[in-house]
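Visitor: I'm new here and would like a walk through this structure. Could you take my questions one by one?

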Amino acid sequence: MEAESTAGWRGPILDAHQHFWDPFANPHPWLAPGAAIPFRYGDYAALKRRYLPEDYRRDTAGHDVRESVYIEAEWSPEDPLGETRYVAGLAARHGLPNAIVAQAWLDHPDVAEVLAHQAAFPLVRAVRHKPGGPASPAELGTGRTLMSSGNWRRGYELLARHGLHFELQTPWWNLPEAVDLARTFPTIPLVLNHAGLPADRSEAGLRGWRAAMVAFAECPNARVKISGLGRPGRPWTVEDNRWIVREIIAIFGPGRAMFASNFPVDGLCASFDTIYSGFKAMVADLPEPAQAMLFHDTARQIYRPQRLAPGPMVEEGDLAP
């Protein structure tokens, strides 16, 4: 499907969530030939290819994308620093990305050392460690996520020492644990990925999602990315997603919400142009300062991106922290 509208924001964009990878050269187990993990968009075989800055620039053509934030992409957990070195090399050569959310396993014995090394990379701003837990609201009460683990929380607490924030990817029914986490560690910003994953668009599903988001938004250190809104087997449309987007903005305010592409993953659902033209159409009636926050300013505040001029080839060893 093509973009529904080109109306709205025409200023700069900071894409707050995207990935690069080369599964032929680097260890991404989920992208290996024959790998098949449970995936919210269904068949993801089309992602098992190189996706590098030149591909991203081609996808984003027609929109004023000035900077982007790289999010860890399930590189082998045996080598979390290897991913950061690789992505720092891409940034040095191509001028993208401009900030990095690195991998760190907060419950591993070496977490203090890993966080110290990750924080030493000039572009690293945060880490992500998906906390698992109940896979549906029906499973609540049968287990908890890592957010409630004392060992995991001891690793989480170390983020403050390095000025890092945390990126949380969990479905909305696990947000009560995130609320407790945010309140226990109020100085650590907590950024919710992909709008809390509102895949269930039934009346009951959306009611539960909204209540969870309202409670999470009451934490001053909470932020949210408006991204990852695709659904398997359906085109990405403004009609499908407008209510969710406008509810997020009403709940969090433009100063705590940010648009993001989740490319190339959301390329399984729509083109970058369809998604971003859709975002622009959904908020075209908002004041320009509010649009600026959603498309650029909120992400700039939390990720502090570095504008990089593409440079000569850099040896990996030169990028070590």
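Visitor: Let's start with H194: does it count as buried or exposed?

Guide: Keep in mind that this is a predicted model. H194 is found in the loop between β6 (190-192) and α6. The cut-off for buried is under 20% relative accessible area. H194 comes to 1% relative accessibility, so it counts as buried.

Visitor: What is the phi of H194?

Guide: H194 is not a glycine, and yet its phi is positive. The value is about 55 degrees.

Visitor: And A195, what is its relative accessibility?

Guide: A195 is also found in the loop between β6 and α6. Its phi is positive too, near 60 degrees, in a residue other than glycine. A195 counts as buried, with a relative accessibility of 0%.

Visitor: Where is P264, which has a cis peptide bond from F263?

Guide: The bond from F263 to P264 is cis, with omega near 10 degrees. As for its place, P264 sits in the loop between β8 and α8.

Visitor: Now for the rings. How many aromatic pairs are there?

Guide: A pair of aromatic rings is described by the distance of the centres and the angle of the planes. For a pair to count, the centres must lie within 6.5 Å. By this rule the number of aromatic pairs is 24.

Visitor: How many residues apart in sequence are the parts tied together by W75 and Y86?

Guide: These two rings form a tilted pair, 5.9 Å centre to centre with 40 degrees between the planes. W75 lies in the loop between β2 (65-71) and α2 (80-94), while Y86 is in helix α2, so the parts that the pair ties together are 11 residues apart in sequence.

Visitor: What kind of pair do F259 and F295 make?

Guide: F259 lies in strand β8 (residues 257-259) and F295 in helix α9 (residues 288-303), so their pair ties together parts 36 residues apart in sequence. Both F259 and F295 are buried. The ring centres are 4.7 Å apart and the planes are at 45 degrees, so the pair is tilted.

Visitor: Which ring does R40 lie over?

Guide: An Arg counts as over a ring when its CZ is within 6 Å of the ring centre and within 35 degrees of the ring normal. R40 is at 4.8 Å from the ring centre, over the face of Y41.

Visitor: How far does helix α7 reach from its first C-alpha to its last?

Guide: Helix α7 covers residues 238-252, which makes 15 residues. At 1.5 Å a residue, 21 Å is expected. The reach of α7 is close to that, at 20 Å.

Visitor: What do the buried residues of α7 pack against?

Guide: The buried residues of α7 include V238, I244, V245, I248 and F252. Their partners are α6 (203-217), β7 (222-226), β8, α8 (272-282) and α9.

Visitor: One last thing: what is the volume of the largest cavity?

Guide: The structure holds 1 cavity of 30 Å³ or more. Among the residues that line the largest cavity are R201, G230, W236, D240 and N241. Its volume is about 40 Å³.

Terms used:
Residues numbered from 1 in each chain as written. Predicted model: local features only at pLDDT ≥ 70, side-chain atom pairs only at ≥ 80, totals over all residues. Heavy atoms only, no water. Phe/Tyr/Trp six-rings, centres within 6.5 Å; stacked < 30°, edge-to-face > 60°. Helix = DSSP H or I, 4+ residues; strand = E, 2+ residues; numbered from the N terminus. Buried < 20%, exposed > 50% of the residue type's maximum accessible area, 1.4 Å probe, protein only. Expected span 1.5 Å × (residues − 1). Contact = heavy atoms within 4.5 Å. 1 Å grid on protein atoms, 1.4 Å probe; cavity = no way out; pocket = protein on both sides within 12 Å on 5 of 7 lines; lining within 4 Å. Points joined across faces, edges and corners; volume = space filled by probe spheres on them.
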